[in-house]
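Subject: Structure handover

Dear colleague,

Please find the structure below, followed by notes on what was found in it.

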Amino acid sequence: MYNNFIWDFDGTLIDTYPSILKCYNLIFKNHGIHEEEDRILYMLREKSSKEVIEYIEEKHGLTREAFLREYEQYSNREDILYSACPMPHAEEICKRIKQKAKRNFVITNRDETALLILEHLDMLKYFDFVMYYGRDQIAVRKPDPTPFQYVLKKFDLKSEETLSIGDRELDLVTSKKVDLPTCLYHCDYSFEIVPDYRIVSLEELGRFI
C-alpha cells in the first residue's frame, strides 16, 4: 500500500507516442529520411528521445538543433498536441487514488505542454503537482534526480510510501537514485535495474492503493 504515486507522463500516464512519431515522420519527410517506424518506437520506448535524435544525427547528418527546432514547430500544433489520450485505466486509477485521500504527482522530461494536455483531458484535477522541464527553474531532465528530489522535499514525501511508475529504464534509473520503489508498466524489455513491480495494465495499480 502506498500513499503517494509519482507518474511518468509519456507512455505511462498519457499515450503520446503516436503524436511523437507523427512529428518524427514529418521531420523525416522534410529531409528525405527513411526509417522503420518500429525501430524508432523501440528506441524511443527503450531509451529516450535523446537516443533517437543522436541516432538520426549520426546516420543522416540532421543536427540536434535542427531536429529540435522542427520538432517544437510540429509538436505544438493543436492537432498533434491534443491528439494524445490517457493510457487505458489511467484516469480511473488516478481518480481512485484521490478518492482515497492519497496523492498523485507527475515528473516528466516534457515541457509545460504536459499541463496543457492534462487540462485538455480534464485530468489535471487529479494531480497535486506536475513537475515538468523548466518548472521552478529546474532545467534538467531524467536521469538527473533533481526533479525527484525537489518534489520529495517540497511535499515531504517518504520514499517508503511513494511508488514511482514509468515505462522505461530511464524512469527506473532516476527513481532508484532517490530510493523510490519502482513499478515498470507495459514494457517487455530487460534492464540492468530490476523494478520492484511489473504490470501490464494500469488497472493492476489498484492493489497498491
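A crossing of two helices is called left-handed if the near helix is turned anticlockwise from the far one by less than a right angle, and right-handed if clockwise. Helices (H or I, at least four residues) and strands (E, at least two) are DSSP runs, numbered from the N terminus.

This is a predicted model, in which local features need pLDDT of at least 70 and side-chain atom pairs count only at pLDDT 80 or more, while totals for chains, interfaces and linings use all residues. Residues are numbered from 1 along each chain as its sequence is written, and side-chain values use heavy atoms, with hydrogens and water left out.

Helix packing

Two packed helices are described by the angle between their axes and the distance between the axes. Axes here are lines fitted to C-alpha atoms, for helices over the stretch in contact, and angles run from 0 to 180 degrees between N-to-C directions. Angles under 35 degrees count as roughly parallel, over 145 as roughly antiparallel, 65 to 115 as roughly perpendicular and the rest as oblique. Contact means heavy atoms within 4.5 Å. For residue classes, Ala, Val, Leu, Ile, Met, Phe, Trp, Tyr, Cys and Pro count as nonpolar, Asp, Glu, Lys and Arg as charged, and the others, Gly among them, as polar.

Helix α1 covers residues 17-30, which is 14 residues. After α1 comes G32, with a positive phi near 65°.

The axes of α1 and α2 come within 11 Å and cross at roughly 125°, which makes α1 oblique to α2. This crossing is right-handed. On the α1 side Y17, I20, L21, Y24, N25 and F28 meet E37, I40, L41, L44 and R45 of α2. Sorted by class, the contact of α1 with α2 holds 8 nonpolar, 1 polar and 2 charged residues.

For α2 and α3 the axes come within 7 Å, crossing at roughly 135°, and the two helices are therefore oblique to each other. The crossing of α2 and α3 is right-handed. R39, I40, M43 and L44 of α2 make the contact with S49, E51, V52 and Y55 of α3. There are 5 nonpolar, 1 polar and 2 charged residues in it.

Helix α3 (residues 49-60) also packs with helix α4 (residues 64-75): their axes come within 9 Å and cross at roughly 125°. α3 and α4 are therefore oblique, and their crossing is right-handed. I53, I56 and E57 of α3 touch R64, F67 and L68 of α4. By class this contact has 4 nonpolar, no polar and 2 charged residues.

C94 sits in helix α6 (residues 90-99) and counts as buried at 0% relative accessibility. Leaving aside neighbours within four places in sequence, C94 is in contact with W7, L13, N104, Y126 and F127. R207 lies 113 residues from C94 along the chain, with 13 Å between the two C-alpha atoms.

Helix α9 (residues 169-177) contains E169, which is buried at a relative accessible area of 16%. Outside the four places on either side in sequence, E169 contacts E46, K47, F191 and E192. Not counting residues up to four places away in sequence, S175 touches F148, S164, L180 and T182. S175 and P145 are 30 residues apart in sequence and 7.5 Å apart C-alpha to C-alpha.

Backbone

Most residues other than glycine have a negative phi, and most peptide bonds are trans. The bond from K142 to P143 is cis, with omega near 20°; P143 is in the loop between β5 (129-131) and α8 (146-154). Q137 lies in the loop between β5 and α8, has a positive phi near 65°, and counts as exposed at 78% relative accessibility. A101, in the loop between α6 and β4 (103-107), has a positive phi near 60° and is exposed at 71%.

Regards

Definitions and conventions. Buried < 20%, exposed > 50% of the residue type's maximum accessible area, 1.4 Å probe, protein only. Expected span 1.5 Å × (residues − 1).
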